[in-house]
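Please look over the sequence and the model below.

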Amino acid sequence: MRSPTLHDVARTAGVSYSTADRVLNGRGGVAEKSVLRVQHAIHELGYIRDIHAANLSRQRSYRFHFFLPRGEHGFFSVLRETLLGEAAGRATDRFLVTCRDVPAFDAERLAAELNRLEPGECDCAAVVGADSPALTAAIARLAALRIPVVTLVSDTASDARSLYVGIDNRVAGRTAGRLMRMAHRGRTGRVLLVLGTMGVRDHRERLEGAREVMGAPEAGLDLLPPIEVQDQPDTMRERLGQALRSDGAISGVYSIGAGNRALIDLVGTLPGPRPFAILHELTPYSRVALEEGLIDAVIDQKPAEEIARALDAMRALADGQAPPATEIVPTIYLKDNLPGAGRAAEKAS
């Protein structure tokens, strides 16, 4: 049997198609008794609105604004390139996507950018932000203007934003902790945790998750005080380099954030055995480091899937529909399971 159409709803309700359409889209100007008859017909027939077809018939475009951090951060470069590619692929679905750069960790600047959005300027916004009263207020303002906001990578303003799309960062930290314990099984060790800043939730949650697993008495690991590097390679080079030089017993390093080109350079020049190293995000630099044996594992939050799910969720929110599932299960990459590694090995043999 075919699905009921709006023509069927109008016929059953005894009203014109245009009246049924006005009721369905909440445009007003319809007598209450006609509204009730249309609503009864929709329920009786089991009519389900085809949002996509309705948008096409009205030539509606989706206007989505993304606000992504800029700077020397390989992951966000990958995320930005992925977004532009996905947006181009969805152009036939009338997706109009803009990407605006904001300084990393600068919640005040991001809040200022969001406060420039006017009513009706976009259908949904996506942000990567740090915790800040100003940013929470800016997101709440957009919610009041009926502009939903989706958070990516690191959640923030959970009482004001509409949705978070990304991995469970506490679980990601616990996963890194478990890998570190496996690497030290049967022996004690000293582990250094490196993060960008405690001002962003994803770094805090990864740190907490790692501590939960590595700090257990049975783990036999000595956790050193974490160092903050603001995701900057120069700061990473200075602070991590000093830590490695002053403590030759460090047997593990877990880098929670970015700036990892400096970490890779440092471990590549150590005179003795290097620490077991775990990083986040598969970038061109971390991939080469895995292939060359300079690091041991990468926990990747799959930016292509993150962007695709974010756009699906943003379209659902713009249409007033329930968004699809948005939690992403990260991938653990080792030297042996890198994308395309099998084909490369076959060619080399």
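Leaving out neighbours within four places in sequence, Arg206 is in contact with Ile167, Asn169, Gly173, Tyr254, Ile256, His280, Glu281 and Gln301; contact means heavy atoms within 4.5 Å. This is a predicted model, in which local features need pLDDT of at least 70, side-chain atom pairs count only at pLDDT 80 or more, and totals for chains, interfaces and linings use all residues. Residues are numbered from 1 along each chain as its sequence is written, and side-chain values use heavy atoms, with hydrogens and water left out.

Arg206 sits in helix α9, residues 201–214. Helices (H or I, at least four residues) and strands (E, at least two) are DSSP runs, numbered from the N terminus. Arg206 counts as buried because its relative accessibility is 2%; buried means under 20% relative accessible area, with a 1.4 Å probe and protein chains only. The Arg206 side chain also reaches the backbone oxygen of Ile256, at 2.7 Å.

Next, the strands. In β10, four of the five residues are buried, so the strand is mostly covered. Its pairings are set out here; two strands pair if DSSP finds at least two bridges between them.

| Strands | Bridges | Direction |
|---|---|---|
| β9 and β10 | three bridges | parallel |
| β10 and β11 (residues 297–300) | three bridges | parallel |

Gly252 stands opposite Phe276 in β10. The chain passes from β9 through α11 to β10 in a right-handed β-α-β crossover. Right-handed means that, with the strands pointing away from the viewer, the path from the first strand over the helix to the second runs clockwise. On the β11 side, Ile278 stands opposite Ala297. β10, α12 and β11 also make a right-handed β-α-β unit.

Where is the nonpolar packing? The largest nonpolar core has 26 residues, and Leu192, Val194, Leu240, Leu263 and Ile295 have the most contacts inside it. At least two residues of this core come from each of β6 (189–195), α10 (233–246), β9 (250–255), α11 (260–268), β10 (276–280) and α12 (284–291). α11 gives the largest share, five residues. Such a core is a set of buried Ala, Val, Leu, Ile, Met, Phe, Trp, Tyr and Cys residues joined through side-chain atoms within 4.5 Å.

Not counting residues up to four places away in sequence, Leu192 touches Leu224, Pro225, Ile227, Leu240, Ala243, Ile250, Gly252, Val253 and Tyr254. Another core lies apart from the largest one; it has 25 residues, among them Phe76, Leu79, Phe95 and Ala310.

Notes: Buried means under 20% relative accessible area, exposed over 50%, partly exposed in between (1.4 Å probe, protein chains only). A polar contact is a pair of N or O atoms within 3.5 Å; within protein, one must be able to donate a hydrogen and the other to accept it, and residues adjacent in sequence count only if both atoms are side-chain atoms.
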